[in-house]
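This report goes through a protein model, part by part. Please look at the sequence and the structure first.

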Amino acid sequence: MAKKEFKAESKRLLDLMIHSIYTHKEIFLREIISNASDAIDKLCYKSLTDENVGLKREDFRITIHADQDNRLLTVSDNGIGMDENDLENNLGIIASSGTYQFRQEVGKDNEDVDIIGQFGVGFYSAFMVSGQITVITKKYGNGQAYRWESDGADGYTITPCEKEGVGTDIIMHIKPDGDEEDYSEFLQEYTLRNLVKKYSDYIRWPIRMEVTKSRKKEDSPEDKPEYESYKEEETLNSMVPLWQRKKSDVTKDEHDKFYQEKFSDFTPPQSVITVSAEGQVSYKALLYIPARPPYDYYSADYQRGLQLYSAGVMIMDKCQDLIGDHFGFVKGVVDSPDLSLNISRELLQHDRQLKLIANNIEKKVKSELERMLREDREGYEKFYQNFGRQLKVGCLNNYGAKRELLEDLLLFYSSTEKKLVTLKEYVDRMPESQKCIYYAAGEDVAAMDNLPQTELLRERKMEILYLTDQPDQLLMEILREYKEKPLRSAVDGDLELEDMPEEKPAEDYKESLDFIKEALGDEVDEVRISRKLKTHPVCLTCGEGVSFEMERYFTAAQPEMGLKAKRILELNVDHPAFAALEGARANDPEKAKKYAQVLLNQAKLIAGLPIGDPSGYTDLLCSLWS
Ligand code: ADP
Ligand code: MG
């Protein structure tokens, strides 16, 4: 019997398999089982119209048998089987369109690892663990059985043989253990059982294996029981995935259990989102919003991603393409029969399908969050406490690419409502005369209620958003506006009030402003008369440019940039403190300079900036008492 050569492309792929240093060799079992499942699908379908099949739905099964002595691992199915032609066409070549793609991908600095892991290469992957593979198969409706045999490298043979029923046995001759590689584990009950659980749990046909169990010996006494082990065939997989069941049939309890087990969380999820989509791409998804952030959520170690299945077979554990960073907290599974497990169906196609699914999922997550915001405010605030910062960062990232998606989900503390509000709620309440959305940043709410610069606004009972979280101010500066209303800093910006107090003629004060500027030297960039202060004597602002918050942020992130905010000292010329300074300027200029120093330091303290030399400052204050 002459050996036949594999087709050239298949040969290359085989080489890759045989010499693969791929660490996830274990996926071979998933591939072989999924082929068995496909074969059963085909025969089961036939049985609907052809009563000669003689098998009922519950008769179909996949059986795993490990023979440790002979190092044989056999996966059998009673599916459609193959005839001589099928063997030639299906196991001899790989559908060529995809192979080309595959080779191109592999060509790129050895990215083979991921490609194999994600979409598999089907039957050939069994050569990663087998020195030789024997396939014994009989096709439905064809009396003759065939034996296909190959050691991978040199080709294959096909010979007629005997086989009882219809179906296929894939007999893998497991390689001997190497110095570093352990192949024997693939003959062990424990490993096989785990692999089925991990990758093939939701295959809809029973996967059966004889397993070792232990029981009390019948005649052993109750108080001194003796045990014996025995073998029994068992179904290893759970078969029906939660996401394939009708939404209304799955209880909260089942969801909680599934989520907690699958994603190793002690706490049940806060929200469940069920998706069943048909159209350009069909898929089912179960998505969960955790009730608390994973311990490593805000660290670089956290890996987002959804688990990806194709018709009950796990393809990828954390598929990042399915969920963006901004919703990175979402956990869940996506199952799409349109994503073939096999590489031969063009990776590009997968890309497009994944994108469609991802877009769809993004919408679903957003509408669930919007629903919570509407119907369960308390729940939403709890969510926001956990993952609000993620939404903010999501707004900032990629130059605000996701801002439209996310801006309505943001919450800020309102000075007038005394609770968290959305930008939309703020705008809906705005009197017509108000031009901007005001915000102020600070350590805590109480401190901001006393901020000198917001006096004018507070006097007019205008709503101010208090920013207490670190990325907030930067966020406002990047967003710049919401629904065409400018976001304006109540501290530094132009308030655009209709009834702004009259501006004081600067020339009347020129002399004293110049005096103060000179007294303070480089410590301030400018000294000017404030229009915002009412009862407070001074404040420090940065004008419309770089804010103090940006300066802080960039000094930490990129010190070499040397980004600096302007320091503008604003004075309330109606305040007694200013009068005192003016008085001193006439009689005792040295004292007046000290007053200027004191005012600057007060302003720094209020702005939350360090006052360079604290003990110098106390000395200065004390010197003024004498
Ligand atoms: P894919 O499953 O994506 O088609 P594989 O390399 O896994 O690619 O399998 C190649 C082909 O071999 C299958 O399409 C199928 O026609 C055939 N085949 C493999 N295993 C079996 C089996 N157990 N029963 C029947 N046909 C099979
Ligand atoms: Mg396959």
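## Helices α18 and α19

In this predicted model, the axes of α18 and helix α19 (residues 614–625) come within 10 Å and cross at roughly 135°. Axes here are lines fitted to C-alpha atoms, for helices over the stretch in contact, and angles run from 0 to 180 degrees between N-to-C directions. Helices (H or I, at least four residues) and strands (E, at least two) are DSSP runs, numbered from the N terminus. α18 and α19 are therefore oblique to each other; angles under 35 degrees count as roughly parallel, over 145 as roughly antiparallel, 65 to 115 as roughly perpendicular and the rest as oblique. The crossing of α18 and α19 is left-handed, a term used if the near helix is turned anticlockwise from the far one by less than a right angle, with right-handed used if clockwise.

On the α18 side, K591, K594, Y595, Q597, V598, N601 and Q602 meet Y617, L620, L621, S623 and L624 of α19. Contact means heavy atoms within 4.5 Å. Sorted by class, the residues in this contact are six nonpolar, four polar and two charged. Ala, Val, Leu, Ile, Met, Phe, Trp, Tyr, Cys and Pro count as nonpolar, Asp, Glu, Lys and Arg as charged, and the others, Gly among them, as polar.

## The sheet of three strands

An open sheet has three strands in the order β20-β22-β21, and its pairing is mixed. Two strands pair if DSSP finds at least two bridges between them. β20 (526–529) and β21 (538–541) stand at the edges with a single partner strand each, so one side of each is left without a neighbour in the sheet. On average, neighbouring strands of this sheet are turned by 25° against each other, direction ignored.

Four bridges pair β20 with strand β22 (residues 568–571) in the parallel sense. I568 in β22 is the bridge partner of E526. Helix α18 (residues 589–607) packs on the sheet, where it touches β21 and β22, and its direction makes about 60° with that of β21.

## The sheet of six strands

Another open sheet is formed by six strands in the order β15-β14-β17-β16-β19-β18, with mixed pairing. Here β15 (420–421) and β18 are at the edges, each with a single partner strand, so one side of each has no neighbour in the sheet.

Strand β16 (residues 437–441) and strand β19 (residues 485–489) run parallel and are joined by three bridges. Y438 stands opposite R488 in β19. Strand β18 (residues 481–482) runs antiparallel to β19, and two bridges join them; Y482 stands opposite K485 in β19. The hairpin of β18 and β19 has two residues between the strands, and K483 takes a positive phi near 45° there.

## Two further helix pairs

Two packed helices are described by the angle between their axes and the distance between the axes. Helix α14 (residues 472–479) packs with helix α16 (residues 548–557) at about 110°, and their axes are 9 Å apart. α14 and α16 are therefore roughly perpendicular to each other, and their crossing is left-handed. Q473, L474 and E477 of α14 make the contact with E549, M550 and Y553 of α16. The classes in this contact are three nonpolar, one polar and two charged residues.

Helix α2 (residues 27–47) and helix α6 (residues 189–200) have axes 9 Å apart and pack at an angle of about 65°. These two helices, α2 and α6, are therefore also described as roughly perpendicular to each other. The crossing of α2 and α6 is right-handed. From α2, the contact involves I27, L29, R30 and I33, and from α6, L192, L195, V196, Y199 and S200. By class there are seven nonpolar, one polar and one charged residues.

## Confidence and conventions

The protein has a mean pLDDT of 87, and 91% of its residues reach 70 or more; pLDDT is the predictor's confidence in each residue, from 0 to 100. Over residues 94–103 the pLDDT stays under 50, and the model has 23 contacts for them beyond four places in sequence. Residues 108–118 also have pLDDT below 50, with 21 contacts in the model beyond near neighbours in sequence. Where pLDDT is low, the predicted coordinates should not be read in detail.

Residues are numbered from 1 along each chain as its sequence is written, and chains are lettered from A and ligands numbered from 1 in the order in which they are written. In this predicted model, local features need pLDDT of at least 70, side-chain atom pairs count only at pLDDT 80 or more, and totals for chains, interfaces and linings use all residues, while side-chain values use heavy atoms, with hydrogens and water left out.
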